[in-house]
Amino acid sequence: MADSSFDVVSKVDKMEADNALNQAHKEVEQRYDFKNIGASIEWSGEKVLMKANSPERVKAILEVFEAKLIKRGISLRSLDVGEPYASGKEYRLEASLKNGIEQDAAKKISKLIRDEAPKSVKSQIQGDELRVSSKSRDDLQATMALLKGADLDVALQFINFR
């Protein structure tokens, strides 16, 4: 019998992120506490750019955006947020969405699988994703449960379960 396998990836659905940003944009434009302060949120290339007249207001815009991401099913672990910085008379905050598993995180996940998963389970790093294989599907499902329960800094999804 051939090995069963699945891939561990960290991807953000760009359309869902775009919808979350549009909803946050509407809320920022309509909320009373954001009136007349130059508050905005928009795409700036691959990053999300938030602007307001104080660092506290920029962080409030970020909270609105985070709430919309959660409602859309996007993990906040895939959001990489910088610090507010002054730009002229306004404050800006940049955030980016992480796609792919970085090499260090992939090695950490691979080590976790080697140490704590059933012995028949093997993992290999393939670019920015991880392929996990075993003869037993039950062992693979136990490995999925292990990875879901682990406290990792990466939002994980499991695809191509065969």
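This is a predicted model: local features need pLDDT of at least 70, side-chain atom pairs count only at pLDDT 80 or more; totals for chains, interfaces and linings use all residues.
The crossing of H1 and H2 is right-handed. H1 covers residues 14-30 and H2 covers residues 55-71. Their axes come within 8 Å of each other, and the crossing angle is roughly 135°.

On the H1 side of the contact we have Ala17, Ala20, Leu21, Gln23, Ala24, Glu27 and Val28. They meet Ile61, Val64, Phe65, Lys68 and Leu69 in H2. Sorted by class, that contact has nine nonpolar residues, one polar and two charged.

Now the other pair. Helix H3 runs over residues 103-116, helix H4 over residues 137-149. H3 and H4 pack with their axes 11 Å apart, at an angle of about 125°. That angle makes H3 oblique to H4. The crossing of H3 and H4 is right-handed.

Which residues of H3 meet H4? They are Ile109, Leu112, Ile113 and Glu116, and in H4 they meet Thr143, Leu146 and Leu147. The residues of this contact of H3 with H4 divide into five nonpolar, one polar and one charged.

Last, the domains. The chain is divided in two: domain 1 takes 4-11 together with 101-159, and domain 2 takes 14-97. Between the centres of domain 1 and domain 2, taken over C-alpha atoms, there are 32 Å.

Note on methods:
Residues are numbered from 1 along each chain as its sequence is written. Side-chain values use heavy atoms; hydrogens and water are left out. Axes are lines fitted to C-alpha atoms, for helices over the stretch in contact, and angles run from 0 to 180 degrees between N-to-C directions. Helices (H or I, at least four residues) and strands (E, at least two) are DSSP runs, numbered from the N terminus. Angles under 35 degrees count as roughly parallel, over 145 as roughly antiparallel, 65 to 115 as roughly perpendicular and the rest as oblique. A crossing is left-handed if the near helix is turned anticlockwise from the far one by less than a right angle, and right-handed if clockwise. Contact means heavy atoms within 4.5 Å. Ala, Val, Leu, Ile, Met, Phe, Trp, Tyr, Cys and Pro count as nonpolar, Asp, Glu, Lys and Arg as charged, and the others, Gly among them, as polar. Domain bounds come from an automatic or database domain assignment.
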